[in-house]
Amino acid sequence: MTDETNRRTGLDWVTFIISGGFLILFLVMSLVNDTLMGEWITSAFDFSVTFFGAFWQLLLLATFVVGVALALSKYGKVKLGKLDTPEYGLFRWVSMILCTLLAAGGVFWAAGEPLYHYLTTPPLFAEEGMSPAESVVPGLAQSFFHWGFTAWASLGTVTTIVLMYAHYHKGYPLKPRTMLYPMFGEKIFRKGSIVGSVADIVSIIAVAAGTIGPIGFLGLQVGYALQYLFDIPDTIFTQSIVIIFLVVVASISAATGVDKGIQLLSRINVGLALILMLGMLILGPTLFIIDSFIGAEAYQIQNFVRMSLYRGDDGWLGYWTIFFWGWFIGFGPAMAMFISRISRGRSIRELILAVAILAPIVSNFWFAAVGGTGLFYEMENPGAISDALNNSGMPAAVMAIMEQVPFGTVMASGFLVVTVVFVATTADSMSYSVAVTLTGHAHPPRLLRVFWALLFGAIASTLLGIGESSIQTLQNFIVVTAVPVSILMLPPVWLAPKVAREMAVDQGIVLEEKQQQTQELEKKTS
């Protein structure tokens with residue numbers, strides 16, 4: 001690595017100004033004319049879904065398949081990060097991983113999405129005359145798919161392998177552009193590299209949009225829950241106070257860094273979620289949850305390829321699968337950087353199994369415990385959950401489900417706490433990732449981390465002040481920002497096996513072809 005590359009690990013002011021300025025411009029235009037802004041974003045959203053939807057489906061499926069293939073191959077033994085032993089214990093490591101994707105939105109969608117798919121069976125599985133009981137498994141399986149193997153694989157498998165190789169093994173900056181190093185070489189880091197700058201800028205904008213959205217939705221959900229539980233008026237003021245509290249927690253966590261705040265908050269988060277899941281399992285319809293989880297998981301695996309490549313109903317795909325894929329793709333580079341930071345000393349096999357297999361199963365069980373409980377009570381008493389969902393949206397669905405179980409107020413309060421902590425974990429880890437993108441190393445300045453956490457909260461509060469439709473506009477904008485990021489995430493699909501082999505050779509796991517030929521010749525002649 002050259003001296004010039006070393007100097008490039010300072011604050012990248014060009015990327016900082018352009019990405020931050022773009023977000024501020026989005027906010028100002030929303031304030032000036034939110035209706036016009038919404039129309040522009042909707043048009044761009046429709047374009048993205050139409051012309052990139054199929055590409056995203058293929059990209060995420062390929063990412064999962066290549067990742068699993070590497071884990072099962074001889075390259076699965078390769079150690080990442082130039083450490084022989086992991087920096088973090090298994091529970092701490094998995095906790096931080098679980099608090100990435102699930103924190104970004106799973107807490108919102110776990111109650112509402114299974115019910116939506118139950119009430120209107122996804123088009124791939126829709127059949128005439130399907131009974132309510134028969135609608136449970138395909139509806140829950142569709143939710144599992146959206147928050148399952150493919151989704152998680154997009155966040156930390158082949159992209160992380162390439163990034164850790166270039167950063168820890170070759171010594172280049174920890175930035176989104178670094179994923180392109182095996183293809184472009186060192187010139188991707190040179191001052192004035194347009195491709196490198198664009199890669200960093202679009203990644204920051206995409207992850208910012210993907211983080212601001214959940215913060216805004218958190219304000220809506222917690223505001224509704226506070227009114228439902230404690231009769232606190234659900235106003236913009238209340239929602240803003242919630243966001244301020246969230247941002248303070250996230251800022252403190254981000255300021256203390258991965259080794260302290262983010263790690264501690266993740267462990268607390270996962271512990272609370274496990275207690276809540278156990279409570280739902282014991283107090284709710286236990287056998288129904290277990291049976292539905294097993295049945296829907298098997299149904300998803302059986303129909304995995306069909307669900308991955310379904311192209312029948314463009315409107316439904318744009319509202320569901322393509323929206324989620326765009327959201328997760330936007331998070332991809334930042335998540336790869338964060339997972340790279342916490343995965344030193346882990347093997348490729350451990351990385352893939354934790355991110356693409358274990359985390360999805362835990363996430364799916366969360367959906368089964370929360371959403372499955374809602375489906376049970378909806379079947380028992382039609383309208384018990386769906387009326388609240390249709391009238392007041394997903395925040396109401398959570399409270400309606402909790403109302404049905406024993407100790408409902410306690411469970412609802414617990415869900416409220418878990419929701420806040422989950423989103424705070426997303427905000428702090430993504431603030432950290434953006435700061436890393438701007439500096440290129442794993443320990444960015446504390447003030448920079450706090451700045452981005454504060455900026456995320458300020459934009460979310462302002463958009464809520466304009467109206468809930470502005471948050472919906474931002475949700476569509478998330479998908480639009482995924483278009484350039486998806487192009488950035490394509491090369492690692494074929495670069496990961498190449499760099500895995502190079503690391504395997506360096507670590508003596510496989511021999512160079514010439515060495516193998518020499519050994520084989522010696523065996524034949526001996």
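Guide: This is a predicted model. Take the second largest pocket, which holds about 170 Å³ of space.

Visitor: How does one find empty space to begin with?

Guide: Rolling a probe the size of a water molecule over the atoms shows where empty space is left.

Visitor: Which residues line the second largest pocket?

Guide: The lining consists of Leu180, Met183, Val195, Val198, Ala199, Val202, Pro484, Ile487, Leu488 and Pro491. The largest share, 4 residues, is from α9. Sorted by class, the lining has 10 nonpolar residues, with no polar and no charged ones.

Visitor: What volume does the largest pocket have, and which residues are closest to its centre?

Guide: Its volume is about 550 Å³. The lining numbers 22 residues, and Trp109, Phe217, Met394, Gln472 and Gln475 are the closest to the centre. At least two lining residues come from each of α4 (90-119), α9 (194-230), α14, α18 (394-404) and α21 (468-488). Here the classes are 12 nonpolar, 8 polar and 2 charged.

Visitor: Now the cavities. How many of 30 Å³ or more does a search of the whole structure find?

Guide: The search finds 3. The second largest cavity has a volume of about 50 Å³. Pro122, Pro123, Leu124, Gln142, Phe145, Met307, Tyr310, Trp316, Leu317 and Thr321 line that cavity. Both α5 (132-146) and α14 (314-319) supply at least two of its lining residues. By class, the cavity lining has 8 nonpolar and 2 polar residues, and no charged ones.

Visitor: How should I read a pair of aromatic rings?

Guide: A pair of aromatic rings is described by the distance of the centres and the angle of the planes. This structure holds 42 aromatic pairs. One of them joins Phe323 and Phe324, with 5.4 Å centre to centre and 50 degrees between the planes, and is tilted. Both Phe323 and Phe324 are buried. Phe376 and Tyr377 form an edge-to-face pair, with 5.2 Å centre to centre and 80 degrees between the planes.

Visitor: Why does Tyr377 count as buried, and why is Phe376 partly exposed?

Guide: The cut-off for buried is under 20% relative accessible area. Tyr377 has 14% relative accessibility, so Tyr377 counts as buried. Phe376 has a relative accessible area of 23%, so Phe376 is partly exposed.

Key
Residues are numbered from 1 along each chain as its sequence is written. This is a predicted model: local features need pLDDT of at least 70, side-chain atom pairs count only at pLDDT 80 or more; totals for chains, interfaces and linings use all residues. Side-chain values use heavy atoms; hydrogens and water are left out. On a 1 Å grid over the protein atoms alone, a cavity is a set of points where a 1.4 Å probe fits but cannot get out, and a pocket is an open set with protein on both sides within 12 Å along at least five of seven lines; lining residues have an atom within 4 Å of a point. Grid points are joined across faces, edges and corners, and a volume is the space filled by probe spheres set on the points. Ala, Val, Leu, Ile, Met, Phe, Trp, Tyr, Cys and Pro count as nonpolar, Asp, Glu, Lys and Arg as charged, and the others, Gly among them, as polar. Rings of Phe, Tyr and Trp (its six-membered ring) pair if their centres lie within 6.5 Å; planes under 30 degrees apart count as stacked, over 60 as edge-to-face and the rest as tilted. Buried means under 20% relative accessible area, exposed over 50%, partly exposed in between (1.4 Å probe, protein chains only).
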